[in-house]
Amino acid sequence: MRPYFPRVENGVTCFLIETNQGPVLVDTGFGTHDFLTPTRSMKVFLNLMRSPRNVNETALHQLRRLGYKREDVKHIIQTHLHIDHAGGLPDFPHTQVHVLKAEHDHIISHRSWEYHPGHWAHNPNWVLNETRDGKWYDFDALQLEGFEPEIWLVPLIGHTPGHTAVAIKQEQAWVVHGGDAVPFDMKVDEVPEWITKKMLGPHVPRIREFMKAHPEVKIVGSHMSLDFYEST
Ligand SMILES: [Zn+2]
């Protein structure tokens, strides 16, 4: 995307995790329908974000290039359900979709341009999660049961009412999809703090401290600069 503000070319991060239950997607970005047959509101959004409508960049097409079929994906985890994060859901209609219950409650009781109901018009097989008393480092968190490697949801509420980061255990440490709640690698530091807070929610200072204290944990935001993806 090349939004007018912040004026940095950026992507939409989707993770593919290879697990004991097959490939698991974290966020689905824009879907094939968003690019090929966009609704009017999606067209407006894509124009505002100046997003190239390249269907080859959707999660489904990228997975195919890696040798997977859509049926191979049994589980998707969504950090949240905003228009630019959940668009690929219809491309995987028979997949279990793990979200925080608070995010699901929000989308069924609340309409806003930031959500696109067409993304769940196929009635996904939702798995609704609530935090119990688990901890990931010192964050309240819950482990998704049955996955190897370990996958934890780390709720970071604020950007949306049910926004969560997703932490995946690696041999040495952790990789975290921080969704829209963590600092970008762009020059957001040059943006006034109140705007950062409005865009990303209240967790940015805590995450910055955490990243300093735990360089072994790799935290990736949803909208990193294109340079980031090319160098990772
Ligand atoms: Zn968002």
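A residue is called partly exposed when its relative accessible area lies between the buried limit, under 20%, and the exposed limit, over 50%. The legends below apply this to close-up views of a predicted model.

**View 1. R206 on helix α6.** R206 is found in helix α6. Its relative accessible area is 38%, so R206 is partly exposed. Apart from neighbours within four places in sequence, the contacts of R206 are D138 and F139. T39 lies 38 Å from R206, C-alpha to C-alpha, and the two are 167 residues apart in sequence.

**View 2. The open sheet of six strands.** The strand order is β6-β7-β8-β9-β10-β11, and the pairing is mixed. The edges are formed by β6 (134-136) and β11 (217-220); each has a single partner strand, so one side of each has no neighbour in the sheet. On average, neighbouring strands of this sheet are turned by 35° against each other, direction ignored. Helix α6 (residues 204-213) packs on the sheet and touches β6, β7 and β11. The direction of helix α6 makes about 145° with that of β11.

**View 3. Pairing of β6 with β7.** Strands of a sheet pair through backbone hydrogen bonds, either parallel or antiparallel. Here β6 and β7 (residues 139-143) run antiparallel and are joined by three bridges. In one of these bridges, K135 has D140 in β7 as its partner.

View 4. Four residues supply the donors of the zinc ion: H80 through NE2, H82 through ND1, H159 through NE2 and D180 through OD. These donors lie 2.1 to 2.2 Å from the zinc ion. The angles subtended by the four donor atoms run from 88 to 170°, which makes the arrangement irregular. For a tetrahedral assignment, all angles would have to lie between 85 and 135 degrees.

**View 5. Zinc donors along the chain.** The spacing of the zinc donors in sequence is H-x1-H-x76-H-x20-D. H80 lies in the loop between β3 (75-77) and β4 (96-100), and H159 in the loop between β8 (151-155) and β9 (164-169), so this pair ties together parts that are 79 residues apart in sequence. H80 counts as buried because its relative accessibility is 0%. H159, at 18% relative accessibility, also counts as buried, since the limit for a buried residue is under 20%.

Technical notes. Residues are numbered from 1 along each chain as its sequence is written. This is a predicted model: local features need pLDDT of at least 70, side-chain atom pairs count only at pLDDT 80 or more; totals for chains, interfaces and linings use all residues. Side-chain values use heavy atoms; hydrogens and water are left out. Donors are N, O and S atoms within 2.8 Å of the metal (3.2 Å for Na, K and Ca); water is not among the atoms, so sites may look incomplete. Four donors count as tetrahedral if all angles lie between 85 and 135 degrees; four count as square planar and six as octahedral if opposite donors are over 155 degrees apart and all others between 65 and 115; anything else is irregular. Helices (H or I, at least four residues) and strands (E, at least two) are DSSP runs, numbered from the N terminus. Buried means under 20% relative accessible area, exposed over 50%, partly exposed in between (1.4 Å probe, protein chains only). Two strands pair if DSSP finds at least two bridges between them. Axes are lines fitted to C-alpha atoms, for helices over the stretch in contact, and angles run from 0 to 180 degrees between N-to-C directions. Contact means heavy atoms within 4.5 Å.
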